[in-house]
Amino acid sequence: MAKQRILSGMQPSGLLHLGNYFGALKNWVELQDDFECFYFIADWHSLTTHYEDPSKIRDYSFNVAVDWLAAGLDPEKSTLFIQSHIPEHAELFLFLSMIVPVPWLERNPTYKEKQDEIKNVDMSSLGFLGYPVLQTADIVLYKAHCVPVGVDQEPHLEISREIVRRFNGIYKKEVFIEPKAKISQTPKLNGLDGRKMSKSYNNAIFLADDEKTLEKKIKSMLTDPQRARRDDPGDPDVCNLFPLHKLYSTPEMQAEVREGCVTAGIGCGDCKKMLNASMLRGMGPHMERRREFAAKPKEVMDILFEGTEKARKVAKETMREAQEAMKFSHL
Ligand code: TRP
Ligand code: SF4
């Protein structure tokens, strides 16, 4: 039986951090063997919030690709590409925008949330309102069955299914497939200061951080605030550091930390040193591979160009089918 097709995208609006890794990228890598995967860098989507200074998007896109490859996305298994290299995404977005009622977009919960969250950018643009329509074009161009995303993207997928039904209904042909969200279980991961890890809070550990930076960041991490003095016992379950031990330390070390913490047998400094050792071991291979790929920009771009070629064939064929169903073009 043919493998089901998976598609997902990431915005290149900054360097990828551990939240992005455990929330998405790690999962993408694992899906590669069981699905036919298309993964792309959603640089047009980044323009919705970075239209005033798009100059960084190019560099971020490159760095996202480097982290993808370093993390194990394999161009032999998955099709990796950049959204803006495939004009069919914009073309389908245009066709879909003709049939999408604006109220569907206005009641999209993430539309309002983002507008409230991001205060320093004017978000009243048509492009921002149409974000889920472009995202729908991304997905349905490849007739993806499943879209691995975080829970926050579920409303977008719901809109995508509504758009698919509307298109297929109006033009009386099942051109597009209704995509399902594949929600990944993500471990709770806070930033250095205890708030959600986010590049805008300046509290993230990046996949691009080197050994020195990692050590500095771990040293600066907020610990159990109740543990003011070395002799005070602490509680790993409220400590900001312990979730990282759970991800990177051996079960033995986790037990040792827990015991040492609740009995004040170890200090937070000791605990941080142990975490640093575990994370160096866990992230070391990524750091190494990242440096290798970053030093070969042409090779990285060639991988994306090859992915573009493969993806574009699929996208073009779907566009042709869509226009045929619409009895629109002469092509
Ligand atoms: N909106 C997604 C995010 O911010 C990125 C994205 C764009 C995407 N197009 C997509 C995800 C298509 C999945 C499928 O995370
Ligand atoms: Fe947190 Fe470790 Fe300090 Fe306990 S010992 S409070 S787990 S940093």
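Is Ser-220 buried, exposed or partly exposed? In this predicted model, Ser-220 comes out as partly exposed because its relative accessible area is 49% (buried means under 20%, exposed over 50%, and partly exposed in between, with a 1.4 Å probe and protein chains only). Residues are numbered from 1 along each chain as its sequence is written, while chains are lettered from A and ligands numbered from 1 in the order in which they are written. As the model is a prediction, local features need pLDDT of at least 70 and side-chain atom pairs count only at pLDDT 80 or more, with totals for chains, interfaces and linings using all residues, and side-chain values use heavy atoms, leaving out hydrogens and water.

Ser-220 sits in the loop that runs between α10 (211-219) and α11 (242-248); helices here are DSSP runs (H or I, at least four residues) numbered from the N terminus. Leaving aside residues up to four places away in sequence, Ser-220 touches Leu-192 and Lys-272, where contact means heavy atoms within 4.5 Å. Lys-272 is 52 residues away along the chain, yet its C-alpha atom is 9.4 Å from that of Ser-220. A polar side-chain atom of Ser-220 also lies 2.8 Å from the backbone oxygen of Lys-217 (a polar contact is a pair of N or O atoms within 3.5 Å; within protein, one must be able to donate a hydrogen and the other to accept it, and residues adjacent in sequence count only if both atoms are side-chain atoms).

Thr-308 belongs to helix α14 (residues 297-325). Thr-308 counts as buried because its relative accessibility is 10%. Its side chain puts a polar atom 2.8 Å from the backbone oxygen of Leu-304. Further along the sequence, beyond four places, Thr-308 touches Leu-80, Phe-81, Ile-82, His-85 and Ile-86.

Now for the ligands. Ligand 1 has 14 residues around it, and the closest are His-45, Tyr-131, Gln-135, Asp-138 and Gln-153 (a residue is near a molecule if one of its heavy atoms lies within 4 Å of it). The side chain of Tyr-131 has an N or O atom 2.7 Å from a nitrogen atom of ligand 1. Asp-138 likewise places a polar side-chain atom 2.7 Å from a ligand 1 nitrogen, and for the Gln-153 side chain the separation is 3.2 Å.

Around ligand 2 are Thr-223, Asp-224, Arg-227, Cys-239, Leu-241, Cys-261, Cys-268 and Cys-271. By class, that shell holds 5 nonpolar, 1 polar and 2 charged residues, with Ala, Val, Leu, Ile, Met, Phe, Trp, Tyr, Cys and Pro taken as nonpolar, Asp, Glu, Lys and Arg as charged, and the others, Gly among them, as polar.

Key:
Helix = DSSP H or I, 4+ residues; strand = E, 2+ residues; numbered from the N terminus.
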